Amino acid sequence: MLIKYLHKISEKYASKWLVLLFDVSIILLTFFGAYLIRYNFQLDFSLEDFLQQIPYIAIVAAISFIAVGSYKGVVRFTGFKDIINIIIGANILATILICCTFLSRKFLTEDSVFNISGSIIYIHLLLNILFLIGSKLFIKSLYNYIIQEEKNISNVLIFGAGSSGMLTYDAIQNDAKSGFEVVGFIDDDERKIGKKINLIEVYGLSSIDEKFIKKHGVEDVIISIQNIEPTRLLQITSGLFGLGLKVKIVPPVQNWIDGDLSVGQIKEVKIEDLLGRDPINIKNPDLEEQYDNKVILITGAAGSIGSEISRKVSLYNYKKLILVDNAESALYDIQQEFNQRGLKNIEAIVADVRNKTRIDQIFNLHKPKIIFHAAAYKHVPLMENNPYEAISVNVGGTKNVADIAVKHSVDKFVLISTDKAVNPTNVMGATKRIAELYVTCLKGKGHTKFITTRFGNVLGSNGSVIPLFKKQIENGGPLTVTHKDITRYFMTIPEACQLVLEAAAMGNGGEIFVFDMGEPIKIFNLATNMIVLSGLRYPDDIDIKITGLRPGEKIYEELLADGENTRKTYHEKIMIAKSKLIDSSHVEGEILKLTKMTSLTQPLEMVSLIKSLVPEYISNNSTFEVLDEKNKL
């Protein structure tokens with residue numbers, strides 16, 4: 001009952017004047033203590049003189065603390081800077097007393113109220129520092145104790161005994177509501193192992209085993225190393241997860257709020273932290289000018305990529321943002337998200353890119369100047385079994401929007417493509433390659449600049465491997481991987497969308513932008529990492545099942561087609577693919593034939609025309625492989 005009452009009181013902040021009164025009261029008590037020490041704890045001094053000096057000491061103390069502002073600090077959050085302020089204030093008080101004593105002895109009588117023994121002043125100074133700091137830290141500890149009684153405390157280790165680790169330790173210590181109790185540091189530096197920081201021991205990673213965890217009751221490890229290599233992070237987390245520990249990570253210092261770390265910024269390690277490469281960051285001040293006061297239209301705006309592009313564009317000073325998609329529920333969700341943020345001049349339109357009349361109507365009404373074309377069918381196995389749908393959306397839909405963009409003199413048209421369009425082995429990738437070819441054919445045929453962005457798999461996008469693995473883990477496994485050696489390039493959704501925005505600003509028309517995405521990741525390794533991130537063990541808790549390649553799937557993805565190479569841009573991570581020349585009039589004619597096919601056309605006939613447009617397309621593990629055999633003959 002008492003604890004609950006104290007907890008209720010602790011939620012209120014003391015008035016700064018009450019803090020000042022408290023500090024002055026301590027000064028007066030220590031002044032009496034200084035007299036006692038000076039006279040060997042005997043009352044051999046004049047009480048009358050002492051009592052006359054009390055108001056003088058109180059006034060000087062108040063002036064000193066007001067001068068440094070120490071009374072404004074919140075006592076429960078007393079930190080290093082507050083302690084320095086207290087020391088400065090105590091020294092100002094002592095200095096004033098010494099000066100006044102000197103002046104009184106020179107110009108006034110010896111029994112003046114300002115005449116205080118030098119030894120008493122020095123003893124008083126030391127007592128002030130000791131008791132002022134001690135009382136503040138005692139109140140802070142009492143507050144932390146009260147809060148912690150109401151909260152479950154988790155024992156944690158901090159990985160990194162350097163400056164970043166100490167800042168993390170301070171952030172935890174200064175936040176009574178953090179719920180963490182630091183029981184040790186971990187470090188790779190053998191010179192630090194075995195030593196103590198703030199009476200807390202530094203351990204080597206090899207010392208952290210099940211026996212250690214049980215002895216110290218450790219539940220979490222906070223990794224606090226700036227610019228840690230992703231491969232090293234993966235090594236550390238794999239070992240710690242294997243011990244059943246939760247792993248959190250401190251964000252880069254540039255992401256700290258006002259340069260200070262708060263406990264709330266310490267987050268769980270995510271799969272994107274373990275990509276095996278550094279995150280791709282692009283900062284281009286020209287982007288604001290690109291999108292300033294422009295009407296921007298995004299097709300496929302309810303999808304994973306389209307919705308994130310919409311979010312990023314909404315941060316700029318656009319004139320109007322048009323969101324087009326035929327998935328009404330998902331489109332409604334993104335519309336409500338923007339409404340809740342209070343954003344204006346955003347219009348969500350349910351429309352299908354295959355309906356040329358409808359798209360033309362939208363362009364007529366809103367007159368967009370920048371188009372991000374993200375509408376597409378992307379699931380490889382589904383499109384392998386439904387080639388007509390892949391052609392109608394990925395080729396026909398792109399052709400419609402691109403043609404209408406030229407008709408309405410749109411400034412820029414940005415096509416969202418994929419690495420599966422490179423040397424495709426499936427219908428989906430081949431249709432995306434044809435979409436790339438078509439916008440290439442339109443170069444120079446009007447005012448519109450056509451730009452293509454080509455990137456790999458996106459972490460967390462609809463239908464991608466990450467959500468699939470998460471669902472399989474929730475269901476108890478097994479995780480399904482099509483081939484043990486299958487690899488893919490990965491990026492996060494924000495990275496992919498930042499590339500798209502950058503491409504729109506950088507492009508002059510006709511370019512295919514590709515990303516330096518680092519080394520491809522083995523899907524099998526990704527699966528084991530996901531199991532570990534879930535606090536489980538492979539294969540004890542969840543197994544991985546090899547299912548065999550799906551129709552149209554290949555083991556390795558590529559970012560450049562046969563005959564392509566790259567040239568650099570101003571950003572080291574962005575390159576432009578130098579494509580081989582094509583016969584535009586022939587390609588346009590063949591694409592027109594392809595888009596005029598109906599659902600009654602035989603799939604083999606459709607795929608045969610696709611192959612004539614994309615000679616590098618070789619079906620893999622598909623019913624359409626027969627065409628390749630015929631072509632060889």
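**Notes on the fold and its salt bridges**

1. Let's start with a count: there are 19 salt bridges here, where a salt bridge is a side-chain nitrogen of Lys or Arg within 4 Å of a carboxyl oxygen of Asp or Glu. Keep in mind that this is a predicted model, in which local features need pLDDT of at least 70 and side-chain atom pairs count only at pLDDT 80 or more, while totals for chains, interfaces and linings use all residues. Residues are numbered from 1 along each chain as its sequence is written, and side-chain values use heavy atoms, with hydrogens and water left out.

2. Now the overall picture. The chain has 21 helices and 22 strands (DSSP runs numbered from the N terminus: H or I with at least four residues for helices, E with at least two for strands). Of its 633 residues, 49% are buried (under 20% relative accessible area; exposed is over 50%, partly exposed in between, with a 1.4 Å probe and protein chains only).

3. Seven strands make an open sheet with mixed pairing, in the order E3-E4-E2-E1-E5-E6-E7 (two strands pair if DSSP finds at least two bridges between them). Its edges are E3 (196-197) and E7 (267-268), each of which pairs on one side only. E1 and E2 run parallel over six bridges, and Ser154 sits opposite Phe180 in E2.

4. Lys192 and Asp187 have their closest N and O atoms 4.0 Å apart; Lys192 is partly exposed at 29% relative accessibility, whereas Asp187 is buried at 10%. In the pair Glu347 and Lys320, the closest N and O atoms are 3.4 Å apart. That pair ties distant parts of the chain together, with Glu347 in strand E10 (residues 346-350) and Lys320 in strand E9 (residues 320-325), 27 residues apart. Both partners are partly exposed: Glu347 at 29% and Lys320 at 25%.

5. What about a pair within one helix? Arg433 bridges to Glu436, with the closest N and O atoms 2.7 Å apart. These two are three residues apart in helix H15 (residues 427-441), so about one helical turn separates them. An α-helix has 3.6 residues a turn, so residues three or four places apart point the same way. Arg433 and Glu436 are both buried.

6. Last, the surface. The chain exposes about 31400 Å², with 54% of it supplied by carbon and sulfur atoms (Shrake-Rupley method, 1.4 Å probe). Phe102, Leu103, Phe107, Leu108 and Phe114 make up a nonpolar surface patch with about 530 Å² of accessible area together (patch members have over 30% relative accessible area and no salt bridge; nonpolar side chains are joined within 5 Å, like charges within 9 Å). Phe102, in helix H4 (residues 80-107), is exposed at 54%.
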